[in-house]
Each structure stands twice: as C-alpha cells, then as structure tokens.
Amino acid sequence: MLLPPPEIPEPEGEHKVGVTEFEVQDGESFVHVTAWYPAVNNAEGERLPYMPAYLAEALGEQQGFPGELMTDERPTESIIDAEVLAGQHPVLLFNHGYGSFAQQNLTNVEQLASYGFVVLALGHPGHSLIMKRVNGALVPQQQSVAISANDFDVDIANSISTHIERIRQSQSLVEWQQKAQQYEQDIMSKAVSNFQPWLENNQLLLDALPSIASGTQQTRLTGHLDLDKLAAFGHSFGGSIASHLAMNDERVKAGVNLDGQHYSFSLNPNNASPICFVYTTDTQLQGVTHDYSWMDQQVAKANSGGGCEAVFTGAAHMNFSILNHLPYLKYAGILGSIDSKVMHNASNALLVQFFDQHLRQGPEMIAPAGVELRIY
C-alpha cells in the first residue's frame with residue numbers, strides 16, 4: 001500500500017471518450033451494458049473512477065489481496081453521459097473473462113472509443129464478479145458458478161499443459177476438434193456448462209440493438225449505431241463468446257478472441273467472418289507455466305473469412321486486463337514478464353487495426369511491437 005499509484009495510460013485517438021450505462025430486459029431476463037463511445041470534442045463532466053471501492057473489494061477478495069490495495073478513485077478519461085460525436089459509429093460487443101467484470105479492459109475500450117468505435121461491455125447477472133445495476137444495486141457472482149485457482153491442483157495444471165500441447169500439434173481441423181472436445185470434457189466442463197447463459201445474454205443485447213439505434217429504447221446512443229458494422233471481442237471465456245458469435249451469428253461481422261479457448265461446438269465451416277485468435281505464453285497456474293501460442297491455428301487456417309493469430313510473448317492471461325497496469329502483481333505470478341507499457345500499446349494497436357480493417361476498410365494490419373502476427 002506504500003507503492004505509488006499506477007500510471008493510467010490515456011487513449012490516443014482524436015476523440016474524447018464518453019461512457020453511459022443502460023439495461024436490456026426481456027421478461028425476467030436482463031443484461032447490464034456499459035457503453036463507451038466517441039464524444040464531442042468539447043465534452044466535460046464527471047468521469048468514471050478507475051477502480052471504485054465496491055469493485056476493488058470484490059477483486060481483492062477474489063485475488064487474495066486487500067481491497068484497499070486495488071481501490072483507485074482517480075478519474076479515467078471516460079466522461080459520464082457526455083454528448084455522443086455526430087454520426088453513426090461501428091459497434092463492438094465486449095465480454096469480460098469468467099468471473100471478471102465489464103470494466104476489466106478499461107484502457108482498451110477507451111482507446112477504441114477514442115478512435116470512433118462504440119464498445120458495449122456486457123455485465124452478466126450472477127456470473128460477473130460483481131455488477132452494479134443502473135439503480136445502484138450490487139449483484140455479486142453466484143457461488144455456484146465461481147471458479148478460482150484453488151479449484152486446480154498441480155496435477156490438473158500439468159494436465160492442462162498436456163492438453164494444450166496435444167491441441168497445438170493437431171494436423172487437421174477434425175483432429176483439432178477431437179482434441180479440443182476432450183479438453184473441454186476433462187478440464188473445462190464447468191465453464192462449458194455456463195456458456196449458454198452468456199450466449200443468451202449476448203443474443204438479448206443483439207436483438208435489442210435495432211430498438212436502441214432507432215430510439216425505441218432511449219439511450220445516449222440513439223441514432224449513433226452503425227449496425228452494419230458490428231463485431232465482438234472478449235477476454236478468456238469472453239473471448240470464447242466473441243469467436244463463437246463471429247463464427248455463428250451473421251450480425252457479427254468480425255471477432256477477436258483474447259486468450260480464450262475456441263470451443264469445439266463453436267466450429268462452423270461455413271463461417272465468412274474474420275476472427276483473430278490472440279495468445280499468451282507465460283500464464284502461471286499452481287507453479288506450472290502454460291503457453292497457449294498457436295493453440296487454435298487449425299481453426300484460424302480454416303476460417304474462410306480470413307483473420308489472424310497473434311502471440312504476445314511474455315504475457316500472462318491477466319495482462320489482458322487493467323491488472324496489467326499493476327506491475328507489482330508480477331511478483332504474485334498474476335502477470336507475465338512482458339513490460340506493461342509494451343503490452344498496453346500492443347493490445348491497443350492490434351484491436352484498433354483489426355476492427356479498422358474489417359469494419360472500415362482500413363489498411364492491412366502490421367505486427368505491433370512485441371507481437372508475432374500471422375495474417376490469413
């Protein structure tokens with residue numbers, strides 16, 4: 001607690017960043033949405049805090065740290081309910097990792113918004129680590145769905161490494177699917193059982209987007225959503241959702257999976273949407289290092305819509321989150337050896353380039369510094 005507060009990187013695009021929240025409901029089902037968007041250049045006002053106390057407390061309890069160590073009430077670059085920049089903007093759905101939270105990739109979504117994208121981050125009721133509703137009520141994660149590092153012993157951690165290597169060595173898409181299915185049954189069964197509720201939440205939001213765009217459901221975003229330029233990205237389990245949507249929902253034109261398993265049941269040989277699979281090499285679990293590089297290469301090669309694979313050498317799983325900006329977490333094995341600024345700049349560059357190319361006909365991607373990139 002005597003360490004200086006971490007540096008908060010500012011977005012680099014030409015636009016200021018606005019943030020708003022709303023909920024989409026169908027009967028008793030609902031999903032909470034935090035939306036980041038390009039704001040008018042003279043926007044001013046109250047800003048979203050970097051790590052509010054309620055969120056820090058839940059995160060600290062999950063990771064085994066005092067909540068006070070995580071709390072950071074400094075203002076971000078996200079201006080609450082700022083006026084939206086004129087025009088219609090491409091839309092990106094963001095799904096956080098399993099047991100995480102909508103604000104997980106704050107600096108990535110601010111960057112995307114500053115470059116003219118609208119990012120809709122889903123809060124999954126009872127599945128997100130904690131979710132604050134529009135009325136202020138807190139919805140914590142249900143214990144029945146919680147997964148933590150304590151659920152894995154050294155034998156399971158070693159088994160994960162074995163499965164990863166088997167999948168990576170697949171010589172065909174059929175072989176990949178068989179080995180991925182075995183991994184899901186042996187290790188990932190609890191996560192797989194919760195895939196459908198997350199998918200339904202995304203479909204609930206997707207179904208509501210025309211009403212939100214037209215103003216039938218009033219939000220700040222009325223008239224500003226270009227639903228012909230709609231894509232998805234996510235981290236970990238949220239990355240699995242993103243690549244599934246891009247491969248199976250015609251409304252989703254592209255997807256980025258940040259270090260998440262692409263599940264065997266998500267395969268669609270007729271897919272024509274580009275997908276980028278992004279991997280880390282330095283994830284620690286029970287003292288065992290997991291290298292996920294090129295794990296889904298058979299899927300990437302077979303993706304008729306094109307896309308890419310990218311390896312962030314030295315990155316650990318949670319470097320793809322705002323924990324990346326807490327360098328002392330390297331000593332706890334939560335972050336990898338990659339420099340936090342290199343990680344931040346590279347992940348931002350990859351996301352902006354990919355969506356700019358595939359949603360706005362921008363230039364072909366080039367590898368960010370510190371990243372090995374294969375383009376298909």
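The model is predicted, so local features need pLDDT of at least 70 and side-chain atom pairs count only at pLDDT 80 or more, while totals for chains, interfaces and linings use all residues. Residues are numbered from 1 along each chain as its sequence is written, and side-chain values use heavy atoms, with hydrogens and water left out.

Me: Which residue does the disulfide join to Cys276?
Reply: A disulfide is a pair of cysteine sulfur atoms within 2.5 Å. By this rule the count is one. At an S to S distance of 2.0 Å, the partner of Cys276 is Cys308.

Me: How many residues apart in sequence are the parts that this pair ties together?
Reply: Helices (H or I, at least four residues) and strands (E, at least two) are DSSP runs, numbered from the N terminus. Cys276 sits in strand β11, residues 275-280, and Cys308 in strand β14, residues 307-312. The pair therefore ties together parts whose separation in sequence is 32 residues.

Me: Is Cys308 buried or exposed?
Reply: Buried means under 20% relative accessible area, exposed over 50%, and partly exposed in between (1.4 Å probe, protein chains only). Cys276 has 0% and is buried. Cys308 has 1% relative accessibility, so Cys308 counts as buried.

Me: What is the handedness of the link of Cys276 and Cys308?
Reply: The angle about the S-S bond decides the label here. That angle is -115°. The link is left-handed.

Me: Where does Asp259 lie?
Reply: Most residues other than glycine have a negative phi. Asp259 is not a glycine, yet has a positive phi of about 60°. Asp259 is buried at 7%. Its place is the loop between β10 (255-258) and β11.

Me: What is the relative accessibility of Trp294?
Reply: Trp294 is not a glycine either, and has a positive phi of about 60°. Trp294 lies in the loop between β13 (288-290) and α9 (297-302). Trp294 counts as buried, at 11%.

Me: Which leucines does Leu120 touch?
Reply: Contact means heavy atoms within 4.5 Å. Residues up to four places away in sequence are not counted. Val33 and Phe94 are among the residues touched.
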